[in-house]
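Have the sequence and the 3D view open as you read.

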Amino acid sequence: MRKQDALGLKGPLASEAIRREKEQNEIGKSLHAEEMSSDERKKLDRIMKDEELTSLLMDVDMQRVIQECTTVPMKMHWYMHHDEIGPKLRKMISAGLFKVA
């Protein structure tokens with residue numbers, strides 16, 4: 001059983017990712033770790049070993065924030081100045097999870 005399923009933490013991004021993965025598996029094009037470059041695999045391993053980053057990625061509220069930042073102009077700017085969310089976003093950016101202009 002997946003960690004997120006066990007904890008009941010399926011936000012909109014997790015649900016969408018699970019749906020896409022199922023679609024990929026149905027048509028035989030699932031993504032496998034061996035298809036990743038060495039650098040991508042190292043980056044993924046580093047992120048998954050960081051409990052705080054893993055927690056942020058699984059957090060339903062952070063998923064909502066990330067969605068807003070990708071769809072609403074200037075929302076990232078607003079959240080970056082938010083006392084609670086700003087440091088979390090900066091940590092995710094510094095880990096290479098997001099690129100900002």
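Predicted model: local features only at pLDDT ≥ 70, side-chain atom pairs only at ≥ 80, totals over all residues.

Now find E68, which sits in helix α5. Its side chain makes a polar contact with the side chain of R64, at 2.6 Å. Leaving out residues up to four places away in sequence, E68 also touches K75 and Y79.

## How α5 meets α7

Two packed helices are described by the angle between their axes and the distance between the axes. Here, the axes of α5 (residues 60-71) and α7 (residues 85-94) come within 12 Å and cross at roughly 75°. Angles of 65 to 115 degrees count as roughly perpendicular, so that's the label for α5 and α7.

Which residues in α5 and α7 meet? From α5 you get M62, V65 and I66, and from α7 it's I85, K88, L89 and M92. That contact is made up of 6 nonpolar residues, 1 charged and no polar ones.

In soluble globular proteins, nonpolar side chains tend to be buried together. The largest nonpolar core here has 13 residues, and the ones touching the most other members are L53, M62, V65, Y79, I85, L89 and M92.

Y79 is worth a click: setting aside neighbours within four places in sequence, Y79 is in contact with R64, V65, E68, C69, I85, G86 and L89.

How values were computed:
Residues numbered from 1 in each chain as written. Heavy atoms only, no water. Axes fitted to C-alpha atoms, helices over the stretch in contact; angles between N-to-C directions. Helix = DSSP H or I, 4+ residues; strand = E, 2+ residues; numbered from the N terminus. Parallel < 35°, antiparallel > 145°, perpendicular 65-115°, else oblique. Contact = heavy atoms within 4.5 Å. Nonpolar A, V, L, I, M, F, W, Y, C, P; charged D, E, K, R; others polar. Core = buried A, V, L, I, M, F, W, Y, C linked by side-chain atoms within 4.5 Å. Buried < 20%, exposed > 50% of the residue type's maximum accessible area, 1.4 Å probe, protein only. Polar contact = N/O pair within 3.5 Å; in protein donor to acceptor, adjacent residues only side chain to side chain.
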